[in-house]
Amino acid sequence: MTQHTTALFAPARLPGLELPNRLVMAPLTRNRAEADGTPTPLMATYYAQRASAGLIIAEAATPNAVGQTYPNITAVHSPAHVAGWRQVTDAVRGAGGRMFLQLQHGGRVGHPATSGLTPVAPSPVPLPETIFTPEGHRPAVVPREMTAEDIRATLADFAKAARNAIDAGFEGVEVHSANGHLLHQFLAANTNLRTDGYGGSIAARIRFTAEVTEAVAARIGAGRVGLRISPGNTVNGIAEGETQELYPALAERLGGLGLAYLHLGYADPETPVFRRVRAAWPGVIVANPVLREISTEGVHRASEALLAAGADLIALGRPFLANPDLVTRLRLGAPLNEMRDRYFMYVGGATGYTDYPALGAQPADASSDSIVALDGGRVA
């Protein structure tokens, strides 16, 4: 093994928060919550195992019932949700870690069989594929176009969810405007057909994301708020149009707010949009690399390229999922565990979740209980 001394392991800081290293655990949905969205003790174990990350961004939690995407995802709009998350944050803090919570509204990425409600979206344009529900894969439904009152209510729901997250012990929240969910649907030309002040021009299409972020910042303080974007991402049937102009405009609108960070998913330092967003954003950039090789050296190469291009923190998803001691492995140059994709989503239980071994430990036997194949195109 070759020990690494890269800047990945140097301390960093966000407003009011010291980070021991620049490695961030990215948010990925794991479907281990109760049916009503309440986090479980198993989730507390999972996150505490990964507390050596400089920062953990917990998986997407819905700010209201209609925003639910898939079965057994987390939520943060009831006292039970807050209490469940408090068990998680207490466990992580006890292990020396720090956490933000990602707030995600699915928009058209939802189904009445899951939430009991008709999904809402900027326009009545359905998801062009099936969606996983408690009854298996079902055809997507046509979402209800959001009214002006729906928009005002959703802004309030995000702000209240952010306050709930702070009450649950999180250091801050990340507003999710990526991966084809509600805020991204407002940004994209093919899902936003509105002719009011929230559709058409670039300024109008970025308005909803900006207003959600501003409402959350007003409620809990801008220094406790991050924003996630994924320029050019086509997941969940998204076709943005004008990507090169859209995201610099959003960065410029929010750049003076004093947010904790801007998080770029699928970040590629060679692309013009990465360079333009970096130039437009005055604060911390968290970059989630496209990993062509999930190995110790592959992670180092991708991370160091992003740091050299101006990223401040590096967010990793799958490497953290399979390696609870990822920071130690990367520092020592140790090999990474392989991820067992079949246990990623829709399965529940500890297998493929809390049973990945740390260095020197023996892996637990894999269980065959409740096996459902990975639904990779719908990872949040």
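Modeller: The questions below concern a predicted model, and each answer sets a value against its definition.

Colleague: Which feature does UniProt place at residues 8-336?

Modeller: The unreviewed UniProt entry gives "domain: NADH:flavin oxidoreductase/NADH oxidase N-terminal" for residues 8-336. In the model, that span is 36% helix and 19% strand, and its end C-alpha atoms lie 17 Å apart.

Colleague: Why is α1 called roughly parallel to α2?

Modeller: The axes of α1 (residues 41-49) and α2 (residues 79-94) cross at roughly 25° and come within 8 Å. Angles under 35 degrees count as roughly parallel, and therefore α1 is described as roughly parallel to α2. The crossing of α1 past α2 is right-handed.

Colleague: Which residues make the contact, and how is it made up by class?

Modeller: From α1 the contact takes Pro-41, Met-43, Ala-44, Tyr-47 and Ala-48, and from α2 it takes Trp-85, Gln-87, Val-88, Ala-91 and Val-92. By class, the contact of α1 with α2 has nine nonpolar residues, one polar residue and no charged residues.

Colleague: What makes α8 roughly parallel to α9?

Modeller: Helix α8 (residues 243-254) and helix α9 (residues 272-280) have axes that come within 9 Å and cross at roughly 15°. The limit is again 35 degrees, so α8 counts as roughly parallel to α9. Helix α8 passes α9 in a right-handed crossing. On the α8 side, the contact is made by Thr-243, Gln-244, Glu-245, Tyr-247, Pro-248, Ala-251 and Glu-252. On the α9 side, Pro-272, Val-273, Arg-276, Val-277 and Ala-280 take part. Sorted by class, the contact of α8 with α9 has seven nonpolar, two polar and three charged residues.

Colleague: How do you know that Ala-178 counts as buried?

Modeller: A residue is buried under 20% relative accessible area; Ala-178 has 0% relative accessibility and therefore counts as buried. Ala-178 is located in the loop between β11 (172-177) and α5 (182-187). Leaving out residues up to four places away in sequence, Ala-178 touches His-184, Arg-228, Ile-229 and Ser-230. The C-alpha atom of Ala-178 is separated by 13 Å from that of Glu-59, 119 residues apart along the chain.

Colleague: Why is Asp-36 called partly exposed?

Modeller: Partly exposed lies between the buried limit of 20% and the exposed limit of 50%; Asp-36, at 48% relative accessibility, therefore counts as partly exposed. Asp-36 sits in the loop between β3 (23-25) and α1. Neighbours within four places in sequence aside, Asp-36 is in contact with Ala-75 and His-81. Asp-36 and Ala-80 are 44 residues apart along the chain, and their C-alpha atoms are separated by 9.1 Å.

Colleague: What is the phi of Asn-72, and what is that of Asn-236?

Modeller: Most residues other than glycine have a negative phi. Phi of Asn-72 is near 60°, a positive value in a residue other than glycine. Phi of Asn-236 is likewise positive, near 60°.

Key. Residues are numbered from 1 along each chain as its sequence is written. This is a predicted model: local features need pLDDT of at least 70, side-chain atom pairs count only at pLDDT 80 or more; totals for chains, interfaces and linings use all residues. Side-chain values use heavy atoms; hydrogens and water are left out. Helices (H or I, at least four residues) and strands (E, at least two) are DSSP runs, numbered from the N terminus. Buried means under 20% relative accessible area, exposed over 50%, partly exposed in between (1.4 Å probe, protein chains only). Contact means heavy atoms within 4.5 Å. UniProt positions are given in the numbering used here, feature names are shortened, and annotations may be inferred rather than shown by experiment. Axes are lines fitted to C-alpha atoms, for helices over the stretch in contact, and angles run from 0 to 180 degrees between N-to-C directions. Angles under 35 degrees count as roughly parallel, over 145 as roughly antiparallel, 65 to 115 as roughly perpendicular and the rest as oblique. A crossing is left-handed if the near helix is turned anticlockwise from the far one by less than a right angle, and right-handed if clockwise. Ala, Val, Leu, Ile, Met, Phe, Trp, Tyr, Cys and Pro count as nonpolar, Asp, Glu, Lys and Arg as charged, and the others, Gly among them, as polar.
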